[in-house]
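I opened this notebook to record what I looked up in the structure, entry by entry.

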Amino acid sequence: MSQEKRKALIAYHAAGARLGRAGDFAALVRLCDPVLRAHARRLCDDAETARDIVQDAWIALARALPGLRDEGAFIAFALRIVTRTAARDLRRKLRRRQADDGFAQAQPVDTAGPDGSVETGALQAAIAALPPHQRAALALFYLEGLSVAEVAQALDIPPGTVKTRLMHARARLRALLEGDDNG
């Protein structure tokens, strides 16, 4: 399914869910849950925590849905709620003085294949080594295909900050993949 058709289908179900139709809300969950889980996973780096965050976010989404004015922006709206839920969870963990041991530790990898191209494993390790805020912006922009404005809305930050995070993430990836760890 093309990205535009998917976005239109999500908007259709968001309109129905906003009117209280349970079937449309269930369809939204089926369509959007994988994207929300992937986003939560990027923000917290722990599968169990990500699952809990998304579950809490769906509850918050159900409550906030009547206030949604633009059904076409549902995915950015939902990602923003996931971002806020993840931030709330992190603050709660910090207050309890629980260290998050879930961050992936990058292992040394061979960054170039026989033909000189970057291997997928090396790229994934480099992305995992990025700070969570850069990793989230990068994934939403490049993997989910959101615009800078949609990423800004999803992360609840200004568009200029999104551009800066993308710039720093690209520079850091370039440095990691070229073997200059100081970038």
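**Entry 1, Phe 25.** I began with Phe 25, which is partly exposed at a relative accessible area of 21%; here buried means under 20% relative accessible area, exposed over 50%, and partly exposed in between, with a 1.4 Å probe and protein chains only. This is a predicted model, in which local features need pLDDT of at least 70 and side-chain atom pairs count only at pLDDT 80 or more, while totals for chains, interfaces and linings use all residues. Residues are numbered from 1 along each chain as its sequence is written, and side-chain values use heavy atoms, with hydrogens and water left out. I found Phe 25 in helix 2, where helices (H or I, at least four residues) and strands (E, at least two) are DSSP runs, numbered from the N terminus. Not counting residues up to four places away in sequence, Phe 25 touches Ala 17, Trp 58, Ala 62 and Leu 65, a contact being heavy atoms within 4.5 Å.

With residues up to four places away in sequence set aside, Asp 33 touches Leu 28, Val 54 and Trp 58. The C-alpha atoms of Asp 33 and Ala 78, which are 45 residues apart along the chain, are separated by 9.7 Å.

I then looked up the totals, and the chain has eight helices and zero strands. Of its 183 residues, 39% count as buried. Among the contacts in the chain with a separation of 6 or more, residues 24 or more positions apart account for 59%.

Which residues have the most contacts inside the largest nonpolar core? They are Leu 28, Cys 32, Leu 36, Trp 58, Leu 61, Phe 74 and Leu 79, in a core of 46 residues; such a core is a set of buried Ala, Val, Leu, Ile, Met, Phe, Trp, Tyr and Cys residues joined through side-chain atoms within 4.5 Å. Helix 4 gives the most to this core, with eight residues. For Leu 79, leaving aside neighbours within four places in sequence, I wrote down contacts with Val 35, Leu 36, His 39, Leu 140, Leu 146 and Ala 154.

My search of the whole structure found three aromatic pairs. The rings of Phe 74 and Phe 77 have their centres 6.4 Å apart and their planes at 50°, so this pair is tilted; rings of Phe, Tyr and Trp (its six-membered ring) pair if their centres lie within 6.5 Å, and planes under 30 degrees apart count as stacked, over 60 as edge-to-face and the rest as tilted. Phe 74 and Phe 77 both lie in helix 4 (residues 74-95), three residues apart, about one turn of the helix, and both are buried. Phe 141 and Tyr 142 form an edge-to-face pair, at 4.8 Å centre to centre and 90° between the planes. Phe 141 is partly exposed, with a relative accessible area of 25%, and Tyr 142 is partly exposed at 46%.

Helix 6 and helix 8 pack at an angle of about 100°, with their axes 9 Å apart; axes are lines fitted to C-alpha atoms, for helices over the stretch in contact, and angles run from 0 to 180 degrees between N-to-C directions. That makes helix 6 roughly perpendicular to helix 8, given that angles under 35 degrees count as roughly parallel, over 145 as roughly antiparallel, 65 to 115 as roughly perpendicular and the rest as oblique. Among the residues making the contact are Phe 141 and Tyr 142 of helix 6 and Leu 166 and Arg 170 of helix 8.

Six of the eight residues of helix 7 are buried, so helix 7 is largely enclosed by the rest of the structure. The buried ones are Val 148, Glu 150, Val 151, Ala 152, Ala 154 and Leu 155. Just after helix 7, Asp 156 takes a positive phi of about 60°. Asp 156 sits in the loop between helix 7 and helix 8 and is partly exposed, with a relative accessible area of 36%.
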